[in-house]
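Let's take a walk through a protein chain, one piece at a time. Have the sequence and the 3D view open as you read.

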Amino acid sequence: MSRIVRSVRRPGVYFVTTDTWERRKLFLAPTWATILLEQILSCRERGFYKLHAFVIMPDHLHALLTPGTETTIEKAMQMIKGGSSHRIRAEVESSFLKWHAGFHDHWIRDENEYRTRFGYIAANPVTAKLVSRPEEYEWSSANGKYVLDAGPYDERQDAAGAKAQ
């Protein structure tokens, strides 16, 4: 399988998606989902990226993020995927390969696109019939429990009520 080569690096917000190996529903296990969540938030705190929205689904992850000034989108995803895999191997003692190779990214061009992707992330657990309202899903920024960074099109607080810095 070939990998996508990214020859143009644009500053700005990216919508990223990555899935588990063979789309296995690994993140139905709360321990694994918690490790991934902690890794996403830790990388944000360490300045690898600004985090605008995310959702951890049973077999994939979506996020809206802006890579840090010293970080590429590839490095940001490596920190999320590699870091969570390392912690799962150590803490759960599982040697199972967690992630499908690579990821998909889409550079956000305007406010409409940002809002569309933001809404998609929030609605994903509802569409998958995991919850009836976005705020009910534990593994999503839409529940308002996690500190997020304001995006270029955000006000100080997003539509789901999540705190933005």
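## Starting with a tyrosine

Tyr120 is partly exposed, with a relative accessible area of 42%. On this scale buried means under 20% relative accessible area and exposed means over 50%, with partly exposed in between (1.4 Å probe, protein chains only). Before going further, note that this is a predicted model, where local features need pLDDT of at least 70 and side-chain atom pairs count only at pLDDT 80 or more, while totals for chains, interfaces and linings use all residues. Residues are numbered from 1 along each chain as its sequence is written, and side-chain values use heavy atoms, with hydrogens and water left out.

## The overall layout

How many helices and strands does the chain have? There are three helices and four strands; both are DSSP runs numbered from the N terminus, of at least four residues for helices (H or I) and at least two for strands (E). Reading from the N terminus, the elements go β-α-β-β-α-β-α.

Of the 165 residues in the chain, 48% are buried. The accessible surface comes to about 8800 Å², and 52% of that belongs to carbon and sulfur atoms. These areas come from the Shrake-Rupley method with a 1.4 Å probe, and for residues only the protein chains shown count as cover. As for contacts (heavy atoms within 4.5 Å), take those with a separation of 6 or more: 66% of them are between residues 24 or more positions apart.

## The sheet

Four strands make an open sheet in the order S2-S3-S1-S4, with antiparallel pairing. Strands count as paired if DSSP finds at least two bridges between them. S2 and S4 are the edge strands with a single partner each, so one side of each has no neighbour in the sheet. On average, neighbouring strands are turned by 20° against each other, direction ignored.

Now go through the pairings. S2 and S3 are joined by seven bridges, and Lys50 has Thr66 in S3 as its bridge partner. S1 and S3 pair over six bridges, with Thr18 partnered by Leu61 in S3. S1 and S4 pair over four bridges, and here Tyr14 stands opposite Trp107 in S4.

## A covered strand

In a regular strand the side chains alternate between the two faces of the sheet. You can follow this in S1: Tyr14, Val16 and Thr18 point one way, while Phe15, Thr17 and Asp19 point the other way. Are the residues of S1 buried or exposed? Six of its six residues are buried, so the strand is mostly covered.

H1 packs on it, touching S2 and S3, and its direction makes about 165° with that of S2. H3 lies across S1, S2, S3 and S4, running at about 150° to S3. Angles like these run from 0 to 180 degrees between N-to-C directions, using axes that are lines fitted to C-alpha atoms (for helices, over the stretch in contact).

## The nonpolar core

A nonpolar core is a set of buried Ala, Val, Leu, Ile, Met, Phe, Trp, Tyr and Cys residues joined through side-chain atoms within 4.5 Å. The largest one here has 43 residues, and Tyr49, Phe54, Ile56 and Leu64 touch the most other members. Strand S1 (14-19), helix H1 (30-45), strand S2 (49-56), strand S3 (60-67), H2 and helix H3 (111-127) each give two or more residues to this core. H1 gives the largest share, eight residues.

Leaving out residues up to four places away in sequence, Ile56 touches several others, including Phe27, Leu36, Ile40 and Trp139.

## Rings that pair up

A pair of aromatic rings is described by the distance of the centres and the angle of the planes. Rings of Phe, Tyr and Trp (its six-membered ring) pair if their centres lie within 6.5 Å; planes under 30 degrees apart are stacked, over 60 edge-to-face, and the rest tilted. By this rule there are five aromatic pairs.

Why is the pair of Phe15 and Tyr120 edge-to-face? The ring centres are 6.2 Å apart and the planes are at 80°, so it gets that label. Phe15 sits in strand S1 and Tyr120 in helix H3, 105 residues apart. Phe15 is buried at 7% relative accessible area. Phe54 and Tyr146 have their ring centres 5.6 Å apart and their planes at 50°, so that pair is tilted. Phe54 is in strand S2 and Tyr146 in the segment after H3. Finally, Tyr114, Phe118 and Tyr153 form one aromatic cluster.
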